[in-house]
Amino acid sequence: MSALEGIRILDFTHVQSGPTCTQLLAWLGADVIKVERPGSGDATRKQLIDVPGADSLYFTMLNHNKRSIELNTKNVAGKEVLKRLIRECDVLVENFAPGALDRMGFSWERIQKINPKMILASIKGFGKGKYEDCKVYENVAQCAGGAASTTGFPDGLPLVTGAQIGDSGTGLHLALGITAALLHRQRTGRGQKVLAPMQDGVVNLCRVKLRDQQRLKSGPLKEYSQHARGMKFGSATPRAGNDSGGGQPGRILKCKGWETDPNAYTYFITQAAVWGNICDLIGRPEWKDDPNYASPEVRISRLDAIFDAIESWTQTKTKFEVMDACNPLNIPVGPILSMEEIAADEGLRRSGTIVEVDHPERGKYLTVGCPIKLSEVNVEVKRAPLLGEHTHEILSQVLGFEGEELDRILNSGAVGVSDHEHSG
Ligand code: COA
């Protein structure tokens, strides 16, 4: 039995942040019904197209295990269907621009009247305050959440990261909020609103940078490379390049082949507990007892020299050889894996985190499966639905429309029934 079996989600999400949340809930067993605008659907269906005529990877990789109904929720009959959906579902998840649900005629008060146990879960760019009406995308959230100001090198521009911490990160936060609200409802019988603002989600992920902001009051941040290099600290947490975020100094170092391979690098952490092992491995056993190197306190001002010496060793090995040599010695290292290598990674495939899915329009493609593993639940990744693939099925089986009533809805112009509806 799936963890969320029996939970029905009215999925009003689009683009990335909301869909990542409802995809997780679908993988964990919820019945996710994605409501899409007739004719076009989620804008990502036709964004960054790689196979002409087929739904994009952008859409398919974010909407697995869901059902799709094409429904114009601004049309009278469409509103009638939406009302029935609200009655039949446990959670309504949305990430429209602020106010869109109210403008559609479905305020929180009205939703509660229709279904007093409903949980209304929303992603917005900002929480309550002067920016609450703003539209927000990933990089805006990364910048407004403090991530960009702390990413990059101290003498370079702020940088956004490739990990989608604003969108997918907030989707994760919302999924946790929804499961907590479901548990709360089980105990109290009451629904509630759950809000996950993207700025707040990014701030949560930047917690250690706010830690460093406060530590600055007590003097320079000695574990930052800029300290050893004599660069002064300003009033805000600086960009730390590839310095390790914790108290164990680490950097990205060249490995064999770096001259031609942009990813022939390793992350190398000089954890104090294994300093002796590191000295032996890189051929500097004398550093173990040298008072200039023997303790973390004295090493902090010599990090450039230390990492230069380690890099002289890592450059003689591939990033995987570095991993093989360091792991038995408990030295924490990490190869810089490219997306090409991730796609082929045997371990990730075995664990179901990288999976191949078949799609009627585009054939086989790779996707990221459920990254959360429950020992009692086996997650099967099913392809994303075609636009309106389940319109008829949802109207009849979930909402109970039949006969003339069903015909009236189907002919009202409020719903779209895809050519693919019965293609499976
Ligand atoms: N039937 C009829 N109308 C529909 C509909 C449907 N099935 N689904 C959506 N719409 C309407 C909405 O009601 C809205 O109409 P309105 O503006 O008249 O109220 C309209 O479509 C567009 O919605 P909106 O959310 O404003 O889309 P957008 O493309 O202009 O903005 C975002 C996109 C992402 C910037 C915006 O949705 C947003 O800021 N969301 C919150 C933050 C977020 O999640 N950002 C990250 C996205 S990855």
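Q: Why is Glu405 called partly exposed?
A: In this predicted model, Glu405 has a relative accessible area of 30%, and the label follows because buried means under 20%, exposed means over 50% and partly exposed is in between, with a 1.4 Å probe and protein chains only as cover. The value of 30% falls in that middle range, so Glu405 counts as partly exposed.

Q: What makes Arg84 and Glu405 a salt bridge?
A: A salt bridge is defined as a side-chain nitrogen of Lys or Arg within 4 Å of a carboxyl oxygen of Asp or Glu. The closest N and O atoms of Arg84 and Glu405 are 3.5 Å apart, so the pair meets that definition. It links distant parts of the chain, with Arg84 in helix 3 and Glu405 in helix 18, 321 residues apart; helices (H or I, at least four residues) and strands (E, at least two) are DSSP runs, numbered from the N terminus.

Q: Why is helix 3 called oblique to helix 18?
A: The axes of helix 3 (residues 76-88) and helix 18 (residues 403-410) come within 9 Å and cross at roughly 120°, where axes are lines fitted to C-alpha atoms, for helices over the stretch in contact, and angles run from 0 to 180 degrees between N-to-C directions. Angles under 35 degrees count as roughly parallel, over 145 as roughly antiparallel, 65 to 115 as roughly perpendicular and the rest as oblique, and therefore helix 3 is oblique to helix 18. Their contact (heavy atoms within 4.5 Å) is made by Ala77, Glu80, Val81 and Arg84 of helix 3 and by Glu405, Arg408 and Ile409 of helix 18.

Q: How do you know that Lys66 and Asp11 form a salt bridge, and are these residues buried or exposed?
A: The closest N and O atoms of Lys66 and Asp11 are 3.4 Å apart, so the pair falls under the salt-bridge rule. Lys66 lies in strand 3 (residues 66-71) and Asp11 in strand 1 (residues 8-12), 55 residues apart. Lys66 is buried because its relative accessible area is 4%, and Asp11 is buried because its value is 0%.

Q: What makes Thr60 a buried residue, and which residues does Thr60 contact?
A: Thr60 lies in helix 2 (residues 57-60), and Thr60 is buried because its relative accessible area is 0%. Leaving aside neighbours within four places in sequence, Thr60 is in contact with Asp55, His359, Arg362, Tyr365 and Ala384.

Q: How many salt bridges, helices and strands are there?
A: The salt-bridge rule gives a count of 24, and the chain has 18 helices and twelve strands.

Terms used
Residues numbered from 1 in each chain as written. Predicted model: local features only at pLDDT ≥ 70, side-chain atom pairs only at ≥ 80, totals over all residues. Heavy atoms only, no water.
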